Amino acid sequence: MADLGSAKSTANIINKYGFSFQKRFGQNFLIDEHVLDKIVDAALVGKEDGVIEIGPGIGTMTQRLCEAASKVVAIEIDKELIPILNETMSGYDNVKIINADVMKTDLDKLIREEFSGMSVKVVANLPYYITTPIVMSLLENHLPVESITIMVQKEVAQRMQAGPGTKDYGALSLAVQYYADTYIAANVPPNCFMPRPKIGSGVIRLTVRKEAKVEVADEKLMFSLIRAAFNQRRKTLVNAVTNFPGLDYTKEDIEKALAELDISEKIRGEALSLQQFAELSNILT
Ligand code: SAM
């Protein structure tokens, strides 16, 4: 099967099968060979690795992943794409295509059954409508994956990587950075996709940490404090936390904890680092 990474070969396949793009599945297919190579390079996929690809589309990136990895399992929700994938992937014997919704797939079981003894990496040009739920469920469930290299909206990549005091810094930055080290590998303009999205995209690699970056006694409490802080990000942390439903602390509790950490009681949550949120939650536990 010919290399698919161009507008012409994608258009040929689409026409041959009479395929129509489904907006509800976030279908914007990559048609730029440099970008495809960049994603596979950024994912650091080696010959010993297993790869889970979420949303293979017509198989453009899947072909490259099969060349680079030991085995690829590609999970595609749209059944109209399955006959196309069967054709475009016919030259590879190290790929398995699963017609399923990734959000309803038991990935832990899949990894145990398909990738025994392999180091596993997730690689995807993600459907943007479910980027955050997919990424957070991969990280929060502590799946045995080494890294997650994904194409996401440019702003989302920036938010994942942002640090304290910047406009992009928020609950997503802290949640991602608690579990993983981030690296933005590329910015990708709309003309690299068919059909063109309205917004720019970015490739980000999340290298999952084996050990937590910060010691946290009660993760749930820390993430509630983070949600409270960014729910009302223009307020002081003291006010944001005491107003937040589900958190039962007085102003005095928070002020005392901040004093212990040598942090001003006037501080806003958006100025606190992950380490400081962890320390604050440990004091309040
Ligand atoms: N990987 C292809 C590429 O780069 O050209 C397609 C990327 S496209 C942005 C997203 C793909 O994810 C589509 O093929 C879409 O049908 C699929 N998809 C959307 N929601 C999904 C879900 N919940 N589970 C699995 N695949 C999904």
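L44 lies in the loop between α2 (33-42) and β2 (50-54), where helices (H or I, at least four residues) and strands (E, at least two residues) are DSSP runs numbered from the N terminus. The model shown is a predicted one, in which local features need pLDDT of at least 70 and side-chain atom pairs count only at pLDDT 80 or more, while totals for chains, interfaces and linings use all residues. Residues are numbered from 1 along each chain as its sequence is written, and side-chain values use heavy atoms, with hydrogens and water left out. Although L44 is not a glycine, its phi is positive, at about 55°. L44 is exposed because its relative accessible area is 54%; with a 1.4 Å probe and protein chains only, buried means under 20% relative accessible area, exposed means over 50%, and partly exposed is in between. D49 is found in the loop between α2 and β2 as well, yet D49 counts as buried because its relative accessibility is 8%. The side chain of D49 reaches the backbone nitrogen of G46 at 2.7 Å. Such a pair is a polar contact, that is, a pair of N or O atoms within 3.5 Å; within protein, one must be able to donate a hydrogen and the other to accept it, and residues adjacent in sequence count only if both atoms are side-chain atoms.

H142 lies in the loop between α6 (131-140) and β6 (147-153), and it has a positive phi of about 50° although it is not a glycine. Because its relative accessibility is 55%, H142 counts as exposed. P144 is found in the loop between α6 and β6 too, but P144 counts as partly exposed because its relative accessibility is 45%.

D106 lies in the loop between β4 (95-99) and α5 (107-114). With a relative accessible area of 45%, D106 is therefore partly exposed. The side chain of D106 reaches the backbone nitrogen of D108 at 3.3 Å.

M194 and P195 are joined by a cis peptide bond, with omega at about -15°, and P195 lies in the loop between β8 (193-194) and β9. Strand β9 (residues 201-208) contains S201, which counts as buried because its relative accessibility is 0%. The side chains of S201 and Y128 are joined by a polar contact of 2.7 Å.

Which residues come nearest to the ligand? Of the 23 residues around it, they are L30, G55, E76, D101 and N125, where a residue is near a molecule if one of its heavy atoms lies within 4 Å of it. An oxygen atom of the ligand lies 2.9 Å from a backbone N or O atom of L30, and a nitrogen atom of the ligand is 3.4 Å from a polar backbone atom of P56. In the side chain of E76, an N or O atom is 2.6 Å from an oxygen atom of the ligand. Taken alone the ligand exposes 590 Å², and the protein buries 99% of that; these accessible areas come from the Shrake-Rupley method with a 1.4 Å probe. The elements that give two or more residues to the shell around the ligand are β1 (29-30) and β3 (71-76). The shell residues divide into 13 nonpolar, six polar and four charged, with Ala, Val, Leu, Ile, Met, Phe, Trp, Tyr, Cys and Pro counted as nonpolar, Asp, Glu, Lys and Arg as charged, and the others, Gly among them, as polar.

Q275 lies in helix α12 (residues 274-284) and counts as partly exposed because its relative accessibility is 38%. The C-alpha atoms of Q275 and E67 are separated by 41 Å, and these two residues stand 208 residues apart along the chain. For orientation, the C-alpha trace of the protein spans about 70 × 40 × 30 Å along its principal axes. The secondary structure of the protein comes to 12 helices and nine strands, and buried residues make up 49% of its 285 residues.
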